[in-house]
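Let's walk through this one together, starting with the overall fold and then moving to a couple of residues.

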Amino acid sequence: MNNKHRIQSWGTAPIFTFTELKPESFFVDPVPQALTLTSIVIGACVTAMALSLVIKIKEKYGTLDADKVRRLNG
């Protein structure tokens, strides 16, 4: 049998019943980690979007000075 298609049968899913749980059992809740990672990704995307807007304003008007940009003098 090819090694790429071999299924390892020694792993089990981390599913516990109430009888298996004890007060000394230790778990790591993945939700805070997932929310932290999500907020980092959202922050990076917002920064990239703001930077792209700044680049487009600079390309179109040749300056980033709000007083010199015609449409912002309004």
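Where does valine 54 lie? Valine 54 sits in helix α1, which spans residues 30–61. This is a predicted model, in which local features need pLDDT of at least 70 and side-chain atom pairs count only at pLDDT 80 or more, while totals for chains, interfaces and linings use all residues. Residues are numbered from 1 along each chain as its sequence is written, and side-chain values use heavy atoms, with hydrogens and water left out.

As for secondary structure, the chain has 1 helix and 0 strands (DSSP runs, H or I of at least four residues for helices and E of at least two for strands, numbered from the N terminus).

Together with Leu51, Ile55, Ile57 and Leu64, Val54 makes a nonpolar surface patch of about 420 Å².

Now slide along to threonine 63, in the segment after α1. Its relative accessibility is 17%, so threonine 63 counts as buried. Leaving aside residues up to four places away in sequence, threonine 63 touches Ile57, Lys58, Lys68 and Val69 (contact being heavy atoms within 4.5 Å). A polar atom of the threonine 63 side chain also lies 3.1 Å from the backbone nitrogen of aspartate 65.

Methods:
Patches are made of residues with over 30% relative accessible area and no salt bridge: like charges are joined within 9 Å, nonpolar side chains (Val, Leu, Ile, Met, Phe, Trp, Tyr) within 5 Å. Accessible areas come from the Shrake-Rupley method with a 1.4 Å probe; for residues, only the protein chains shown count as cover. A salt bridge is a side-chain nitrogen of Lys or Arg within 4 Å of a carboxyl oxygen of Asp or Glu. Buried means under 20% relative accessible area, exposed over 50%, partly exposed in between (1.4 Å probe, protein chains only). A polar contact is a pair of N or O atoms within 3.5 Å; within protein, one must be able to donate a hydrogen and the other to accept it, and residues adjacent in sequence count only if both atoms are side-chain atoms.
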